[in-house]
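Hello,

Here is the structure I promised to pass on to you. Please have a look at it first, and then read on for what turned up in it.

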Amino acid sequence: MKKSVLTRYRVMAYVTGVLLVALTLGMIGKYVLHLGGAADFTQVVSIAHGWLYVVYLVFAFDLGSKAKWPVKKQLWVLLAGTIPTAAFFVERRISHELEGRLAQDAPATVKA
């Protein structure tokens, strides 16, 4: 597995997580605080999150298949983009796990 597969997953996890937190705050502003303009904000953010979540799913599935994860772990990572802040915690755990594996798989370079 290449490091670029992990990097693109990490980027999309952060983007998805930030948009989901923004969407949650927008919904609170719209339905709880009745803020003006919150309806337009939530509409834009929800559309962006929806489309970018699909990209996140593709990258997360690609990462999971290359890392040979069991189905249960793969589903947890895929669903992390639907729970506010979960994407950040899952990304951190996955990154630590796979960076160690990538370091072991990388050929040793000799400096001359």
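Let me start with two tyrosines: Tyr 9 and Tyr 56 are both buried, where buried means under 20% relative accessible area, exposed over 50% and partly exposed in between, with a 1.4 Å probe and protein chains only. A word on the source: this is a predicted model, in which local features need pLDDT of at least 70 and side-chain atom pairs count only at pLDDT 80 or more, while totals for chains, interfaces and linings use all residues. Residues are numbered from 1 along each chain as its sequence is written, and side-chain values use heavy atoms, with hydrogens and water left out.

**The chain as a whole**

The secondary structure comes to four helices and zero strands (DSSP runs numbered from the N terminus: H or I of at least four residues for helices, E of at least two for strands). From the N terminus on, the order of elements is α-α-α-α. The chain is more spread out than a compact globule, because its radius of gyration is 17 Å, well over the 13 Å that the globule rule gives for 112 residues. That radius is taken over C-alpha atoms, and the rule is 2.2 Å times the number of residues to the power 0.38. Along the principal axes, the C-alpha trace spans about 65 × 35 × 20 Å.

Of the 112 residues, 33% count as buried. The chain exposes about 7,200 Å², and carbon and sulfur atoms supply 71% of that (areas by the Shrake-Rupley method with a 1.4 Å probe; for residues, only the protein chains shown count as cover). Among contacts with a separation of 6 or more, 68% come from residues 24 or more positions apart; a contact means heavy atoms within 4.5 Å.

How far apart are the end C-alpha atoms of α1? They are 43 Å apart, which agrees with the 44 Å that its 30 residues should span at 1.5 Å a residue. The expected span is 1.5 Å times one less than the number of residues.

The buried residues of α1 include Val 5, Leu 6, Tyr 9, Met 12, Ala 13 and Thr 16. Those of α2 include Val 45, His 49, Tyr 53, Tyr 56, Ala 60 and Leu 63. As background, an α-helix has 3.6 residues a turn, so residues three or four places apart point the same way. After α1 comes His 34, whose phi is positive, near 50°; α2 is followed by Lys 68, with a positive phi near 60°.

**The nonpolar core**

The largest nonpolar core has 19 residues, and those with the most contacts inside it are Tyr 9, Tyr 56, Leu 63, Trp 69, Val 77, Ile 94 and Leu 98. Such a core is a set of buried Ala, Val, Leu, Ile, Met, Phe, Trp, Tyr and Cys residues joined through side-chain atoms within 4.5 Å. The elements giving two or more residues to this core are α1 (3-32), α2, α3 (71-79) and α4 (86-105).

Leu 63 sits in helix α2 (residues 38-67) and counts as buried because its relative accessibility is 0%. Leaving out residues up to four places away in sequence, Leu 63 touches Met 1, Val 5, Leu 6, Tyr 9, Trp 69, Ile 94 and Leu 98. With that exclusion again, Ile 94 touches Tyr 9, Leu 63, Trp 69, Lys 73 and Val 77.

Asp 62 also lies in helix α2. At 15% relative accessibility, Asp 62 counts as buried, and it touches Val 5 and Arg 8, not counting residues up to four places away in sequence.

**Aromatic pairs**

The count comes to three aromatic pairs. Rings of Phe, Tyr and Trp (its six-membered ring) pair if their centres lie within 6.5 Å; planes under 30 degrees apart count as stacked, over 60 as edge-to-face and the rest as tilted. Tyr 9 and Tyr 56 form a tilted pair, 5.9 Å centre to centre with 35° between the planes. Tyr 9 lies in helix α1 and Tyr 56 in helix α2, so this pair ties together parts that are 47 residues apart in sequence. The pair of Tyr 14 and Phe 88 is tilted too, because the ring centres are 5.9 Å apart and the planes are at 40°. Tyr 14 is in helix α1 and Phe 88 in helix α4, so the pair ties together parts that are 74 residues apart in sequence. Tyr 14 counts as partly exposed at 36% relative accessibility, and Phe 88 as partly exposed at 23%. Finally, Tyr 9, Tyr 53 and Tyr 56 form one aromatic cluster.

Best wishes
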